[in-house]
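Colleague: Hi! I'm new to this one. Could you walk me through it?

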Amino acid sequence: MTDMKTIYAAYADTVDAVLAELVAEGVLPADASFKNVTLEPPRDAAHGDMATNAAMVLAKPAKTNPRALAEQIAAKLEAQDGIASAEIAGPGFINLRLDPAAWIDELQTIARLSNDYGRSVMGSGTCVNVEYVSANPTGPMHMGHCRGAVVGDALASLLEFAGHDVTREYYINDAGGQVDVLARSAHLRYREALGDDIGDIPEGLYPGDYLIPVGGSLAGSLGDTFKTAPEQEWLPVFRTEAVARMMDLIKSDLAMLGIHHDVFSSEAALHEAGKPDEAEQWLRANDFVYDGVLEAPKGKAPPEDWEPVELPLFRSTRFGDDQDRPIKKSNGAWTYFGADLAYHMQKAQNADELIDIWGADHAGTVKRIKAAVAALSEGSGNAVPFDVKLVQMVQLMRGGEPVKMSKRSGNFITIADMIKEVGRDVVRFTMLTRKPEAQMEFDFAKVVEASKDNPVWYVQYAHARIQSTLRKAADEEGIAPSSDALAQLGAEEIALIRRAAQFPREVESAAKAREPHRIAFYLYDLATDLNAFYSLGNTDLEKRFIMKQDKGLSAGRLFLGDAIGQVLRNGLRVLGVEAAQRM
């Protein structure tokens, strides 16, 4: 086993070596592919430590039945070091039982690799651009942004841990009409800061108090230059200045969540650089854009004033969309899709793969953007995989009742408000306790509840419990973790090691699926097993971590606990959550 090779990877190599022997012996054909051969924990732990589907996958190319092939594979596996038995189950699955020493070796691997345990080279340095948050720069971050922000950031960290080179990107939507509304709202607060009585905020402007300091800042830097100036003079200035200040606020809010982006791309800058025009020229040259007429709206009679207009249309039907999409409006302005297409073209030039994290309300645009990226790949001859992860909204609750929105913040709960009340780690972990496409409730009372039903608390409690045990053993009994007595560990301890040893597999499978919540689920299972082992000591003094009568075995169990703590820390770090030392 190499310095970085963990137990599942090592025994997967063992299975491959056995299959290679069967190829050399003529049992398997020379062109047999082992690509779909897996080695994983059996569904029922009573069936063994690991299970392989090798015979099921290779029986057809070997022109034999799976069970007959399984017998030959199992016979060779049983002769390998560390494998106690290889049993055939069902039509041809092979269940392996390992020597306890193999698991003890893995425990020491966890200790040796420390912060790198679970780290993978699976990504091979491929560059993945993960775009997430990308909220309109018109106000502070609120709960509508929080879940997608955490999912995107955790996914970026997971991909890095799995060996990818990751770019975290934020797309600033600063070219639309909402930015004019922001500028007018900021100008109103600017006038207020200069002493004007602005009265009630007019309908259609942003009423939030968060713009008061923005107005004060603008008054301080600009003086009264634009107090009575006509709108055409101050609007461009206030657009730029207000967006810059709102982005400072957004970055500050994200920093409270532990989120920092590598790249901030501006939609306005995209237009100023002529990127949409470049994209249109390229798409036309590759026959992905043509001038055509949109069909009348389907399902109902068109409006009386509707008339066919020739527009530049993107051939999205070629890639599975239900209709071709306009990239410009009838007045020549770019559609949001046209600008977004150019933006994705820009991203694709600098990454091997693209991932966007969007709110579920954007589901209707997924197909057309995927079509656009597919066109870019087809036209350039360089396929760039593209995935969109949709994230459902979060319902805020307090003790089972919906939370009333904050008038102070402009009728929404800010991320800053949440973090100040329950803490960053609670917010981040909670957002990953359900699949992002599933509906979620965030109950302020439940997320801080000291209960097994609260995954955040339960995982943190498991880690804090280990740290408390280590401190107590050192301070009161003078016992430190040691590998000298690991051979004395029994079946319950081996079961804990087995669970911990699944972490590298969980990292790779979660990274392949682009699903960071799998790590949160795994950590809860590991915490459950650890706390269950602790509970054994309540009725059986021989099962306790600290035993005055057997300091050697205690040192071995402390070594085990320390290793479990390391796995918990590594998993929490992937999720951007700090492991609790005390609770």
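Predicted model: local features only at pLDDT ≥ 70, side-chain atom pairs only at ≥ 80, totals over all residues.

Colleague: Good to know. How many helices and strands does the chain have?

Modeller: There are 19 helices and 15 strands. Along the principal axes, the C-alpha atoms fill a box of roughly 85 × 65 × 40 Å.

Colleague: And what share of the residues is buried?

Modeller: Of the 583 residues in the chain, 50% are buried. Buried means under 20% relative accessible area, exposed means over 50%, and partly exposed is in between, using a 1.4 Å probe and protein chains only. As for contacts (heavy atoms within 4.5 Å), take those between residues at least 6 apart in sequence: 71% of them join residues at least 24 apart.

Colleague: What about the inside? Which residues have the most contacts in the largest nonpolar core?

Modeller: Ile73 and Phe442, in a core of 143 residues. Helix α19 (residues 551-575) gives the largest share of this core, 12 residues. By nonpolar core I mean a set of buried Ala, Val, Leu, Ile, Met, Phe, Trp, Tyr and Cys residues joined through side-chain atoms within 4.5 Å. There is also a second, separate core of 29 residues, which includes Leu283, Phe288, Trp334 and Leu376.

Colleague: Which residues does Phe442 touch?

Modeller: Leaving out residues up to four places away in sequence, the list includes Val394, Leu396, Met397, Met418 and Val447. Gln395 and Thr430 are among them too.

Colleague: Let's switch to pockets. How much space lies in the largest one?

Modeller: About 1100 Å³. A pocket is found on a 1 Å grid over the protein atoms alone, as an open set of points where a 1.4 Å probe fits, with protein on both sides within 12 Å along at least five of seven lines; lining residues have an atom within 4 Å of a point. Grid points are joined across faces, edges and corners, and the volume is the space filled by probe spheres set on them.

Colleague: What lines it?

Modeller: The lining has 50 residues, with Ser134, Ala135, Asn136, Asn173 and His362 nearest the centre. α11 gives the most, 6 residues. By class there are 22 nonpolar, 20 polar and 8 charged residues. Here Ala, Val, Leu, Ile, Met, Phe, Trp, Tyr, Cys and Pro count as nonpolar, Asp, Glu, Lys and Arg as charged, and the others, Gly among them, as polar.

Colleague: And the second largest pocket?

Modeller: That one has a volume of about 770 Å³. It is lined by 27 residues, and Tyr8, Ala9, Ala12, Arg505 and Glu508 are the closest to its centre. The lining divides into 11 nonpolar, 6 polar and 10 charged residues, and α1 gives the most, with 6.

Colleague: Tell me about Glu508. Where is it, and what does it contact?

Modeller: Glu508 is in helix α17 and is partly exposed, at 30% relative accessible area. Apart from neighbours within four places in sequence, it contacts Ser120 and Met122. The side chains of Glu508 and Ser120 are joined by a polar contact of 2.7 Å. A polar contact is a pair of N or O atoms within 3.5 Å; within protein, one must be able to donate a hydrogen and the other to accept it, and residues adjacent in sequence count only if both atoms are side-chain atoms.

Colleague: Now Lys328: buried or exposed?

Modeller: Lys328 counts as buried, because its relative accessibility is 18%. Its side chain makes a polar contact of 3.3 Å with that of Glu280. Lys328 sits in the loop between β10 (325-326) and α11, and its contacts beyond four places in sequence include Asp277 and Trp334.

Colleague: Last one: what is the phi of Ser124?

Modeller: Near 50°, a positive value in a residue other than glycine. Ser124 is exposed, at 61% relative accessibility. Val133, also not a glycine, has a positive phi of about 75°, and Val133 is buried, at 15%.

Terms used. Residues numbered from 1 in each chain as written. Heavy atoms only, no water. Helix = DSSP H or I, 4+ residues; strand = E, 2+ residues; numbered from the N terminus.
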